[in-house]
Amino acid sequence: MITLLEARNIGKRFGGLQALSDVSLTIRKGEVYGLIGPNGAGKTTFFNVLTGAYTPDGGDFVFNGSELPSGKPHKVVGRGIARTFQNIRLFRDLTALENVMAGHHIRTRAGIWGVLTQNRFTREEERLTTERAYELLRYVGIERFADVVSKNLSYGDQRRLEIARALATEPQLLALDEPAAGMNATETGQLKQLIQQIRNDGITVMLIEHDVKLVMGLCDRVAVLDFGKKIAEDVPAVVQKDDAVIAAYLGGGKHAH
Amino acid sequence: MNELVAAVPWLGKRNPTAARWLIILVAIAAPFIAWQFGRSWVRILDFALLYMMLALGLNLVVGFAGLLDLGYIAFYAVGAYTFAFLASPHFDVHLPFWVILPLGAAFAALAGVMLGFPVLRLRGDYLAIVTLGFGEIVRIFMLNLNYPVNITNGPQGINMIDPINLFGWDLSRNIRIGEDFTIHSLFLYYYFFLAAVVASIIFIQRLQISRIGRAWAAMRDDELAAKAIGINTRDMKLLAFALGATFGGVAGALFGAFQGFVSPESFSLMESIAVLTMVVFGGMGNLAGAVVGAFVLALLPELLRDVAVPLQQTLFGHVLLDPEVLRMLLLSLAMILMMLLRPAGMIPARARYCHDHHLSHHLNNTPKREAAK
C-alpha cells in the first residue's frame, strides 16, 4: 500500500485548550479513512490544520512524498486536497453549476488579458470548465438543478453540491466533514454509495462522521480522537472493541477517575 | 447587454431583439432629444455617461467582489489629476491623449493596489471606514500639495486642461457642415463617452463571466469556502481593487479633459457616496443596475434644479430649499424608500457567471428549467 498522507506529530493549541496534541496518522492511497471521536475531540481542527486554514503549532504533513505548506489553503488545494464543511458553505448566490465551475478555478489558467480579449485559449478553457461542471453535477446526481441558485436547493442536494464543488478541484484526497449530518436514512444510504463511487474512481477519502453505522460500513480504517489525542487507529471491527474507545464514547474508564 | 435588454420594461421579456434596438436607438438619439431642452442638458448627459463608468467600476468592486469601498472617488481624482498634470499649462506639459489615458488608468490601478494591500484582512464596516479614510487622504493631498512645492495648485485646482484630441481631431471644436448646420462639441463628447461606456460594459461582462468573475463572486459569498477551493483571495482582492480603480481612473481622465478644470472639491466624500448610491439604487452586482442607477441619479438632481426652483418661487415667492439641499434630501428619501420597497435595487437581476449558450445546450436535455431566483 502506498502512503498518500502522513501527519507527523501535529499539535494545535487555542489559548489554554490543547485541541490537538501529537497526532500522527497515515492515510493510504485508495482507502476510505474515518476520523471519529466525541464532540470537541479535535476532528474538525485536524481538518483545518490539514487544509491550511490554521497553522499547526508543531508537526507537519507529508503528502505524496513532500511536505505540505502550512497556512496557505490555496496551495494545499493545488497539491490535491479538497474539503467540505460541517456546516455547508456554498456560494449561496451562485447557481449549482456556477458553484462547481468556481471549484475548477485552481485548475484553470486564463488571466486578465485572455479574459478581456476572449482569445481561443480562454474560450476553450471556459467551455471545458462548463462541461466538466456538468459531468460532476451528473456524477453526484443533481444535474437537473444546474441552473438553480444554490441557496434554494434542498439540504441533501446542497451537501451533494458541496462534494461536486470539492471534486472540481481535481483532488487526490477528499476530506469530508460530517457529510451525513442532518440526513435521513435514505439520503445517508445514497451518500454512502456516492462515497464508494468516489473511492472506486481512485480518489482517497477522509471522513469525519458521527454516524457510527456509516463509518463502520464505509471505512477501511478508522482513527479515534479524544481530547486532541489519537487513542486508536485500526480497521473498524478492531476499533469498535477497543477499551479506550468505548471509554471515550461512554464515559467512565480511565478518564473518569 | 443582455441584462440591460431584459431590464427594459414590458418589451424586454417579450421581444428582446426589439428591446435591444430600442436601447441602441435611445442611446444614439438621447443628445438630440436633450438639445431640445437646451445645451446644458446635453452637458448633463455627458456627465451622466461619466457617472455610468464610475458606477460600473465601483460595481465591480462592491457588487462582484463584495468589497465595500467608500473612497472610490479617489481613483477618479487620480485619473483627473494625472490628465491635468500631463496636459495643461500647469507644468507646461502637453502629452497626447492616447498617452495620458493609459497612464491615468495605470496610476489609478496602482492607487487601487496601494489601497488594497492594507485592507486585505478587513471586511464590511471596517473596510468601509478605511476606504473612506483613503478617499479623504487623496483629496486632502490634492488640497494641500501646493506648498512647499506647488504640485496640485491646492484649492484653486488646475485650469486650462487640454481637450480630448483623437489623432488630431479636437473634440472641443464644433464641426461645421455647410452654412448653418453644426455638430456641437458636446455631441462629440457624448458619443466618445458612450463608446467608452460600451467598451467598459463589454470588458466588465467578460470579466464577470470568467474564472475571475466566479472567483470574486465566491469570495463575496463565502471567503473561507473560496479559500478552501483554492482561490488565492489575496490576489483576487487586489485584482478587484486594481481593475475597479482602472475604470475610475479612465473616467477621471475623461472628466478632466471634458471639464478643462479640476479641483479637489470635485472629489469629496459626497461624490463617493453618490456613486455608491447609484450602484445600490440600480441593483448591486449587475451591470444593468449600475447603468440605470447612474443614469437616473445623475439626471434627477438636474431635473430638480430645473423644476424645484421655479416651483418654489411660484408657490412661496422665494426659494426655501436650495436645490443642493433638496438633492441630498431626496436622494436620502429615495434610498430609504428603495431599502423598504426594493432592497435589491431597481433591477434586482442576478448576474450570470457562466455563458448562456453553454447552459442551454445542456438544459435542452433536462426535464424542466427551474426558476432561478
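Reader: Which residue stands opposite Thr3(A) in strand 2 of chain A?

Author: This is a predicted model, in which local features need pLDDT of at least 70, side-chain atom pairs count only at pLDDT 80 or more, and totals for chains, interfaces and linings use all residues. Residues are numbered from 1 along each chain as its sequence is written, with chains lettered from A and ligands numbered from 1 in the order in which they are written. Strand 1 (residues 3–14) and strand 2 (residues 17–28) of chain A run antiparallel and are joined by 8 bridges; strands are DSSP runs of E, at least two residues, helices are runs of H or I, at least four, and both are numbered from the N terminus, while pairing takes at least two DSSP bridges between two strands. In strand 2 of chain A, the residue opposite Thr3(A) is Arg28(A).

Reader: Which residue in the turn of that hairpin has a positive phi?

Author: Strand 1 of chain A and strand 2 of chain A form the hairpin, with 2 residues between them. The phi in question is about 55°, and the residue is Gly15(A).

Reader: Which residue in strand 4 of chain A stands opposite Arg8(A)?

Author: Strand 1 of chain A is also joined to strand 4 (residues 58–63) of chain A, antiparallel, by 5 bridges. Opposite Arg8(A) stands Asp60(A).

Reader: Which helix of chain B supplies the largest share of the side that touches chain A?

Author: The contact takes 34 residues from chain B and 39 residues from chain A, where contact means C-beta atoms, placed from the backbone, within 7 Å. At least two residues each come from helix 8 (185–208), helix 9 (211–221), helix 10 (223–228) and helix 15 (356–363) of chain B. The largest share is 7 residues, from helix 9.

Reader: Why does Glu223(B) count as partly exposed?

Author: Glu223(B) is placed in helix 10 of chain B. A residue is buried with 20 or more other C-beta atoms, placed from the backbone, within 10 Å of its own, exposed with 12 or fewer, and partly exposed in between. Glu223(B) is partly exposed because its C-beta neighbours inside 10 Å number 17.

Conventions: Two residues are in contact if their C-beta atoms, placed from the backbone, lie within 7 Å.
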